[in-house]
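Here is a short tour of strands and helices for you to follow alongside the coordinates. Have the viewer open and take the parts one at a time.

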Amino acid sequence: DGLSFIDAAGIPLVFLTAMYGLVELARLQPGERVLIHAAAGGVGMAAIQIARSRKAEVFATASPSKWPILQAMGIDADHIANSRSLDFEPAFLTATAGAGVDVVLNALAGEFIDASFRLLPRGGRFIELGKTDPRTPEAVRTAHPGVTYQAFDLANIGADAIQGLLRQWVDGFHTGVLQPLPRSVYDLRQARQAFTRMFKARHIGKLILQTPRRFDPHGPILITGGLGELGRALARHLVTTHGARHLILTSRRAAATPDAAEYVADLRARGAETVILHTCNIAVRAEVAALLAAHPPRAIFHLAGLLDDGILSALTPERLARVLRPKIDGAWHLHQLTQDLELSAFVLFSSVSGVIGAPGQANYAAANTFLDALAAERRAQGLPGISLAWGLWQQQGTGMTAHLGEADLRRMAREGFAPLSVDAGLTLLDAALGRPEALVVAMRLEPAQLARQEPLSPLWTSLISKRRPKAHISAASTHALSALPEAERLAAVRRMVTTATAVVLGHSDP
C-alpha cells in the first residue's frame, strides 16, 4: 500500500540481496560493526537500512561525490570513506581503535578485497556480492584466520527462502522501518544510456526501465493558454487528428475572450463533445488547484506564456516576474498538483531561446530552460513529461511573436532559422509525442544559411556538413615557449594544445 509501480520496481532485487547477505548469511547482530562497500548504489543503500534496523554500526564507502547522499542518511564523516582508494582501511581502523568490523558486505575487487580482509582482525564474516574477483573459503581461512567467506547468487537460494525474505521486507515497509530508494527512471528505449550510467557508477540508488507511455487523446485534455492563437491551433489538431473529445481550455479571460463562442462552436463541429472554458491565472496556485479539482485532466499541454523583451541591463524584477510566472509557476503548480493523477502526457511548450539563446530574451530563455529541466525531472521520477523547444512559428500577427518586424525575420533567415508553418509545427508535435527524450528541439533550420556562419556555433557542427577548421601552433609560439622558465612550460603547452584542439572540434572555448 502506498507504493507506485515505479517505487516497487526498485525494491525486490536490492532488498532481497542485502537482506540475504546481512540477515541469512552474516547473521548481523545488534551492536556489531558492518562495512558496506559501494553504499550509494541500490544494494548498498538497502543494506544500510537493513543494518540500521538491526541496530548495527554502519561504515560505508562510496566515491566522494556521493558522500552527501550517505550523510543525508545519517552516516557521519568518521564512518564514510572513498571506495576508489585504499584509504578506507587505515581510516576505519583508526575509527575503531584497531578493532575493525565484524561483517564486510563487498562489491569491490583486487587489492580492495585484501584491504577489507584486514579490517577483520578479530575474525568475522565476509559476504561477497560483486563476484568479479572471487576467492575460496579455504584460502581466506588460511590467510585470515577466523574469517568466513561466502559468495552467493539469489537465483540459487530457492523460492521458499526468497518468499520468507519477501515477507520480512514487506513488513519493514509497512512499519516504515524500510523506505523506497532514490531512483532514476528511463524509457525502455533508453536502456543503453541507463546501463552505461550504471557501468560508470554515476547513479544513486536504483535505475528503473519503464515501458513507453502513450498519449491518450480520449480523456479530458487541459490546454493552458488554450484561447491564444497557438492554443486554438493545437485544440483543433487534437480534435481532428487525434480524436480528442473533451477539452479544458484556460486563459485569463476564458469565455470573455473575443469570438470565444464561435471558437467553441467550431471545435464541436469538428467532433469535440465537451469544451470547457475556464478562467484561470495559471501562476496562482489556488486557482490551479480549483481548476484541477473541478476538471481533472488525463493529459496536459502547458502553453501559457508572456514576453517582455529587452536587453539584460534593462531587466527589472517586475519584467522578470512577468515572464517567469506564467511559464515557471504555472508549470510547477501543474507538476505538483497532478502527482496523484494518472496522466498520459505532460507537454510543456518551451522555446529554442533557452537552448541557443536569443538577443533580448534573457528572461524568456530562463523561463523556458526551467521547463526543459522540469520535463527531465518528471521523466526521472517515472512521470510523463516532454518539453518542446520550439523555433519561430509562422503566426498570423496575434501571437507572442507578432512584435517581430520584417528586419527581425530577415536577420533570423540569414542566420539559418526559418519560421515553422502551423501545419509543419503540428506535424513535429505528433512526432515528438512518441519520443523517449525529455527535451526535443522542434524548429526549421536552413543548413545552407547556417553553414555560412563564421564561426559556426558548436550546437550545429553535427548537423551541418562543413570542413573542420585547421589549427596550427606557430614557430613564434614555440619560440616563446622555449623562453619561459621551465616550471611554467607544461602549463603553457597545455594551453596551446587545448586551444588548437578546441578550434578543430568546434568548441567555443578551450
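## A parallel strand pair

Arg-183 stands opposite Lys-206 in E8. The strands involved are E7 (residues 183-187) and E8 (residues 206-210), which pair in the parallel sense over five bridges. Two strands count as paired when DSSP finds at least two bridges between them. Strand E7 is mostly covered, with four of its five residues buried, where buried means under 20% relative accessible area with a 1.4 Å probe and protein chains only.

A word on the ground rules: this is a predicted model, in which local features need pLDDT of at least 70 and side-chain atom pairs count only at pLDDT 80 or more, while totals for chains, interfaces and linings use all residues. Residues are numbered from 1 along each chain as its sequence is written, and side-chain values use heavy atoms, with hydrogens and water left out. Helices (H or I, at least four residues) and strands (E, at least two) are DSSP runs, numbered from the N terminus.

## The six-stranded sheet

Next comes an open sheet of six strands in the order E3-E2-E1-E4-E5-E6, paired in parallel. Strands E3 (80-82) and E6 (147-151) are at the edges with a single partner strand each, so one side of each has no neighbour in the sheet. From one strand to the next, the twist averages 15°; angles run from 0 to 180 degrees between N-to-C directions, and axes are lines fitted to C-alpha atoms, for helices over the stretch in contact.

Within this sheet, E1 (residues 33-36) and E2 (residues 57-62) run parallel and are joined by four bridges. Leu-35 stands opposite Phe-59 in E2. Helix H5 (residues 88-95) packs on the sheet and touches E1, E2 and E3, its direction making about 160° with that of E2. Contact here means heavy atoms within 4.5 Å.

## Two helix pairs

How do the axes of H13 and H15 cross? Helix H13 (residues 317-337) and helix H15 (residues 362-380) have axes that come within 8 Å and cross at roughly 10°. That makes the two helices H13 and H15 roughly parallel, a label for angles under 35 degrees. The contact includes Trp-332 of H13 and Phe-370 of H15.

Helix H19 (residues 475-482) and helix H20 (residues 486-505) have axes that come within 10 Å and cross at roughly 160°. H19 and H20 are therefore roughly antiparallel, the label for angles over 145 degrees. Among the residues making their contact are Leu-481 of H19 and Met-496 of H20.

Definitions and conventions. Angles under 35 degrees count as roughly parallel, over 145 as roughly antiparallel, 65 to 115 as roughly perpendicular and the rest as oblique. Buried means under 20% relative accessible area, exposed over 50%, partly exposed in between (1.4 Å probe, protein chains only).
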